[in-house]
Amino acid sequence: MRFGVELPTCTAGMMHPVPFATAGEIVDTAVEAEQLGYYDVGGNDHLSTMDFVRKAWPRPPDYFEPLITLATVAARTSVLRLTTGIMVLPMRDPVLLAKQIATLDQLSNGRVTLGTAVGGYRDEFEAVKPDKSRDNRAEITRETIEAIRAIWDQRRASYSGRHVHFEDVESYPKPVQHPLPIYSGGNADGSLRRAAEFCQGWLPAKIGPEAIAEGRKKIAAYAESFGRSPRDIVIALQSVVCLGKSAEDAREIFLNSSFDLFRKSLQHSMTKGIDLDTYLATNLVGSPDEVCEKVAAYQRAGLDHMAALLFVGNTVDEMREQIRRFACEVLPNFPDNAAN
């Protein structure tokens, strides 16, 4: 099992208070994550403040662009992998994104994983791309992944889709990795299909071991239908981490944080129909022993990578203390956490 830390690039107002981390604190957190033995760090992606954050806080949050942040992290680390957790593809230009990711892979000597998804907040997409407000974001995501692959794999690439179009693009350098791993983020069936057809991993969020096992079986079936081996596709997961002395203590820490605001913001999409007790039971919330039991259950279900873990804390120090506790009390029980 591999474990990664989600850096607070765009989590102020969502999962953490406003204000939260400075740019320097974000990079320092990544450096410490490498020292603690984590496999990777992730950066979340928001170009504008979502409506629920604007309503919840009197002050706008700082959202740091993840690729520039990860480039800075690359210069301060040596083996830590750099993951976008996640990159919202419908808001990104595919030609520019392909160039940026290839450059980051070169600068980091092949340490990049591109985590992708449709995005959890349509209001943000409509603010950034008002001319495309009626477009299907899943279709845009699919076309963007195909287009990026074409740019990386071909000397001169052209792509003509419903949403993405370019002609005779020659983009160098190519990534160091071939293929550079792309994770298809999301819990919907379309995410599983994209993972099986185009990607090297599936990255759902906050689902239980049973759903992981079911998704793994679906991906295997889809992969075989596309002529791919299921062994080539990593099964990953993004989860919330909140360690306490007991389950009750961890629950109290969670409810006294900003994370429940984030949970409620997705009640009409990602967490629809999931009550608080189920949410806490599914995520890595509890005592260290209880969290280890949960990780073991995921491992038995076929999970390979706990990517972009979201650590609870109302301050940067509280968040980093959770990261340290997890490294000391959970990671040693899963020694497959090799850093590359």
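Q: How do you know that Glu 32 touches Arg 320 and Arg 324?
A: In this predicted model, residues count as touching when heavy atoms lie within 4.5 Å. Leaving out residues up to four places away in sequence, Glu 32 touches Arg 320 and Arg 324.

Q: Why is Glu 32 called buried?
A: Its relative accessibility is 16%, and buried means under 20%. Glu 32 therefore counts as buried. Glu 32 is found in helix H1.

Q: What makes helix H1 roughly parallel to helix H13?
A: Helix H1 (residues 23–36) packs against helix H13 (residues 316–329) at an angle of about 10°, and the axes are 11 Å apart. Angles under 35 degrees count as roughly parallel, so H1 is roughly parallel to H13.

Q: Which residues of H1 and H13 meet?
A: From H1 come Glu 25, Asp 28, Thr 29, Glu 32 and Leu 36; from H13 come Val 316, Met 319, Arg 320, Ile 323, Arg 324 and Ala 327. By class, the residues of this contact are five nonpolar, one polar and five charged.

Q: What makes the pair of Phe 311 and Phe 326 edge-to-face?
A: Here the centres are 5.6 Å apart, with 80° between the planes. Planes over 60 degrees apart count as edge-to-face, so the pair of Phe 311 and Phe 326 takes that name. Phe 311 lies in strand S12 and Phe 326 in helix H13, so the pair ties together parts that are 15 residues apart in sequence. Both Phe 311 and Phe 326 are buried.

Q: Which residues do ring pairs link into a cluster?
A: The cluster consists of Phe 3, Tyr 38, Phe 311, Phe 326 and Phe 334. The whole structure has nine aromatic pairs.

Q: Which residues touch the most other members of the largest nonpolar core?
A: In this core of 76 residues, they are Phe 3, Tyr 38, Val 41, Trp 152, Met 306 and Phe 326. Helix H6 (residues 137–153) gives the largest share of the core, six residues. A second, separate core has 21 residues, including Cys 10, Met 50, Tyr 279 and Val 312.

Q: What does Trp 152 touch?
A: Not counting residues up to four places away in sequence, Trp 152 touches Ala 98, Ile 101, Ala 102, Leu 114, Lys 174, Pro 175, Leu 180 and Ile 182.

Q: Why is Met 87 called buried?
A: The relative accessible area of Met 87 is 0%. The cut-off for buried is under 20%, so Met 87 is buried. Met 87 is placed in strand S3 (residues 81–88). Its contacts beyond four places in sequence include Asp 45, Pro 66, Arg 92, Leu 114 and Thr 116.

Q: What sets the phi of Lys 206 and of Ala 308 apart?
A: Most residues other than glycine have a negative phi. Lys 206, not a glycine, has a positive phi of about 55°, and phi of Ala 308 is near 50°, also positive. Lys 206 is in the loop between strand S8 (201–203) and helix H8 (209–225), whereas Ala 308 is in strand S12 (residues 305–311).

Q: How do you know that Lys 206 and Ala 308 are buried?
A: Buried means under 20% relative accessible area. Lys 206 has 7%, so Lys 206 is buried; Ala 308 has 3%, so Ala 308 is buried too.

Methods. Residues are numbered from 1 along each chain as its sequence is written. This is a predicted model: local features need pLDDT of at least 70, side-chain atom pairs count only at pLDDT 80 or more; totals for chains, interfaces and linings use all residues. Side-chain values use heavy atoms; hydrogens and water are left out. Helices (H or I, at least four residues) and strands (E, at least two) are DSSP runs, numbered from the N terminus. Buried means under 20% relative accessible area, exposed over 50%, partly exposed in between (1.4 Å probe, protein chains only). Axes are lines fitted to C-alpha atoms, for helices over the stretch in contact, and angles run from 0 to 180 degrees between N-to-C directions. Angles under 35 degrees count as roughly parallel, over 145 as roughly antiparallel, 65 to 115 as roughly perpendicular and the rest as oblique. Ala, Val, Leu, Ile, Met, Phe, Trp, Tyr, Cys and Pro count as nonpolar, Asp, Glu, Lys and Arg as charged, and the others, Gly among them, as polar. A nonpolar core is a set of buried Ala, Val, Leu, Ile, Met, Phe, Trp, Tyr and Cys residues joined through side-chain atoms within 4.5 Å. Rings of Phe, Tyr and Trp (its six-membered ring) pair if their centres lie within 6.5 Å; planes under 30 degrees apart count as stacked, over 60 as edge-to-face and the rest as tilted.
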